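Please look over the notes below with the model open.

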Amino acid sequence: MYNLVATLFVVAALTLLGHAAYDGFFASTSSAAPAATGKVEKGTIAVAIKGLAFPDGNRIVAVGTTVVWTNDDGATHTVTSTDHTFGSGNLTKGQSFKHTFGSIGSYSYFCKIHPFMTATVTVVQPYGAG
């Protein structure tokens, strides 16, 4: 009887841990408030790399905006555009990479080490700009 209870406890604990790990690894991108609201950002903006994701990586920015990605994970990551116009190389915890967007367009990027990590920076010319 003792072995059955112990086995059930271990199975329950592993199931709960599995769900927590899954939620951490596959974070929803719905928390990307700037892109969801359509707010155009400019200047220098920060994007975190954490939880094996770019949780705030989907952004809408004005031409000339600099995006700074910082690796807040224990794992090594990259920031690599799908068209290979920019790439960070390997970033360990605490390291950053920046890129200034000079042309209108949609720039999808990913982590070469963890290709399921993806996001997009959409670059626009804001109204009233010359």
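1. A definition first: two strands count as paired if DSSP finds at least two bridges between them. The model is predicted. Strand S2 and strand S7 (residues 118-124) are joined by four bridges and run parallel. Within this pairing, arginine 59 stands opposite valine 121 in S7.

2. Now the sheet around that pair. It is open and holds four strands, ordered S2-S7-S6-S4, with mixed pairing. S2 and strand S4 (80-81) are the edge strands, and each pairs on one side only.

3. How many salt bridges does a search of the whole structure find? It finds two. One is between the side chains of arginine 59 and glutamate 41, at 2.8 Å, N to O. This pair links distant parts of the chain, 18 residues apart. Arginine 59 lies in strand S2 (residues 59-62). Glutamate 41 lies in the loop between helix H2 (33-37) and strand S1 (44-49). Both residues, arginine 59 and glutamate 41, are buried.

4. A salt bridge also joins the side chains of arginine 59 and aspartate 56, at 3.7 Å, N to O. Through shared partners, the salt bridges connect Glu41, Asp56 and Arg59 in one network.

5. Are arginine 59 and aspartate 56 buried or partly exposed? Arginine 59 has a relative accessible area of 7%, so it is buried; the cut-off for buried is under 20%. Aspartate 56 has a relative accessible area of 23%, so it is partly exposed.

Terms used
Residues numbered from 1 in each chain as written. Predicted model: local features only at pLDDT ≥ 70, side-chain atom pairs only at ≥ 80, totals over all residues. Heavy atoms only, no water. Salt bridge = Lys/Arg side-chain N within 4 Å of Asp/Glu carboxyl O. Helix = DSSP H or I, 4+ residues; strand = E, 2+ residues; numbered from the N terminus. Buried < 20%, exposed > 50% of the residue type's maximum accessible area, 1.4 Å probe, protein only.
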